[in-house]
Amino acid sequence: MNNAKRRTVIAGNWKMNFTPAEATAFINEIKPMVAGKDNCDIIFCAPYVTIAAAQAAAEGSNIKIGAENVHFAESGAYTGEVSAKMLTACGVEYVIIGHSERRQYFGETDETVNKRTLAALAAGMKVILCLGEVKEERLAGITREIVSMQTKLDLAGVSAEDMKNIIIAYEPVWAIGTGLTATPEQAEETCGQIRDVLVELYGKDVAEATTIQYGGSMNDKNAAELLSKPNVDGGLIGGASLVASKFTAIVDAAQ
């Protein structure tokens, strides 16, 4: 982390977990555990149906509630989708776009990730933009090329000014839900490579001000070592975001 240059962000991705009642109970449990821990932003990205309940429970705390996806159209014949306009009308500020599970299971591409990102930014939202390589790409030694390409394609048309509302989450796909984790050195190297691309696209000042999270199975056991790296500015947390004590330990590591 480098808090002198950019904000640390610890964000939980609940994925397809928690009913509204369960989300309320979880937020009420964790609120006192993270109260006053303001060295990082704390966000939980929730399934659409739990957002209102989570927001109500989090009111007055240092916890912010986001969404897990957004469509690129403002309205139209897109059954089952939710627009940025709908989310902002509900008071949602943050949204995850391009998560590896969306890419793997639901046909998300860099083109659609870019379209969703532009739509979210136009609506005034803050985007947690996910990218990362699969196992075969890591083993082939082309991680730098893959994350460079994804960064450029996903941010096409995003201005330097817009970058104030972009958080990048580097998630090695081979470490999502597998129990595997990139070593702190691997995480630092790849987050640094992404920052190099941002320098190329926007210049050093914007690159140095952009938060780059690590999103590959960060948990209460490995968070401190990962967060000790200068280019790792927080975490996008999966499984550990469903357990109050584990998520709080990650927030503590960011302090």
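Helices here are DSSP runs of H or I with at least four residues, numbered from the N terminus.

Before I go on, this is a predicted model, so local features need pLDDT of at least 70 and side-chain atom pairs pLDDT 80 or more, while totals for chains, interfaces and linings use all residues. Residues are numbered from 1 along each chain as its sequence is written, and side-chain values use heavy atoms, leaving out hydrogens and water.

Back to our pair. The axes of helix 7 (residues 143-154) and helix 8 (residues 184-202) come within 9 Å, crossing at roughly 45°; axes are lines fitted to C-alpha atoms over the stretch in contact, with angles from 0 to 180 degrees between N-to-C directions. That makes helix 7 oblique to helix 8, oblique being what is left after under 35 degrees (roughly parallel), over 145 (roughly antiparallel) and 65 to 115 (roughly perpendicular).

Helix 7 also packs against helix 5 (residues 110-122), at an angle of about 40° and with the axes 8 Å apart. So helix 5 and helix 7 are oblique to each other too. Who touches whom? From helix 5 we have Asp 110, Val 113, Asn 114 and Thr 117, and from helix 7 Gln 150, Leu 153 and Asp 154, with contact meaning heavy atoms within 4.5 Å. By class, that's 2 nonpolar, 3 polar and 2 charged. Charged is Asp, Glu, Lys and Arg; nonpolar is Ala, Val, Leu, Ile, Met, Phe, Trp, Tyr, Cys and Pro; the others, Gly among them, are polar.

Next, helix 1 (residues 20-34) and helix 11 (residues 244-253): their axes come within 10 Å and cross at roughly 35°. This crossing is right-handed. Among the residues in contact are Phe 26 and Ile 30 of helix 1, and Phe 247 and Val 251 of helix 11. The contact has 7 nonpolar, 2 polar and 1 charged residue.

Last, the largest pocket. Its lining has 17 residues, with Lys 15, Met 16, Glu 68, Arg 102 and Phe 106 nearest the centre. Which helix gives the most to that lining? Helix 4 (residues 100-105), with 3 residues. On a 1 Å grid over the protein atoms alone, a pocket is an open set of points where a 1.4 Å probe fits, with protein on both sides within 12 Å along at least five of seven lines, and lining residues have an atom within 4 Å of a point.

Methods:
Helices (H or I, at least four residues) and strands (E, at least two) are DSSP runs, numbered from the N terminus. A crossing is left-handed if the near helix is turned anticlockwise from the far one by less than a right angle, and right-handed if clockwise.
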